[in-house]
Amino acid sequence: MLNKLHSALGLSALVVLAVLAPSNGMHIKYSVDFPGASSGTVEYIATHAIQEASKTGRDAFTFGAGATGNLTARHLAKSTRKLYLLQHAYSALAREFQLANKAEFRIKLGGYEDPLFNAFPPHSLGPSGVRDRVQFFKS
């Protein structure tokens, strides 16, 4: 549908903002540029959308959770071999699919990376658990 809009209207970029709650600001749901857009178009239009929304009294914006370049184990991590395997697999996928690119874009617009925590139940990082998580990252 976006490609039809792009070709019919000659759109170069699209930014969609959604109100989370009046006290929590707005969520930048989508910020995309279309093929053929000039370099820097998506940064410009996202900045413009934030500035226009700020004029209406909105003062907080979020991009939501995003991917990071690497996975970091925290406390209660008892099986270092399994965690190493999961970290190695995630890092390889993050490089291959350039998952950190969105984070770099967010930083350009003044955002920062909040840690995102993922808890695993006891005994869930067996061979099938690690395989399932790797398949999740691939999809």
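Does S91 count as buried or exposed, and what is its relative accessibility?

**View 1. Residue S91 in its helix.** In this predicted model, S91 lies in helix α3, which covers residues 80-96. S91 counts as buried because its relative accessibility is 18%, and buried means under 20% relative accessible area. When residues up to four places away in sequence are left out of the count, S91 touches G69 and N70.

**View 2. The largest nonpolar core.** Eight residues make up the largest nonpolar core, namely V15, I28, V42, A46, A49, I50, F63 and F105. Helix α2, which covers residues 41-55, gives the most to this core, with four residues.

**View 3. The whole protein.** The protein has five helices and three strands, and these follow the pattern α-β-β-α-β-α-α-α when read along the sequence. Of the 139 residues in the protein, 22% are buried, and the protein exposes about 10,300 Å², of which carbon and sulfur atoms supply 57%. Among the contacts between residues at least 6 apart in sequence, 54% join residues that are at least 24 apart.

How values were computed
Residues are numbered from 1 along each chain as its sequence is written. This is a predicted model: local features need pLDDT of at least 70, side-chain atom pairs count only at pLDDT 80 or more; totals for chains, interfaces and linings use all residues. Side-chain values use heavy atoms; hydrogens and water are left out. Helices (H or I, at least four residues) and strands (E, at least two) are DSSP runs, numbered from the N terminus. Buried means under 20% relative accessible area, exposed over 50%, partly exposed in between (1.4 Å probe, protein chains only). Contact means heavy atoms within 4.5 Å. A nonpolar core is a set of buried Ala, Val, Leu, Ile, Met, Phe, Trp, Tyr and Cys residues joined through side-chain atoms within 4.5 Å. Accessible areas come from the Shrake-Rupley method with a 1.4 Å probe; for residues, only the protein chains shown count as cover.
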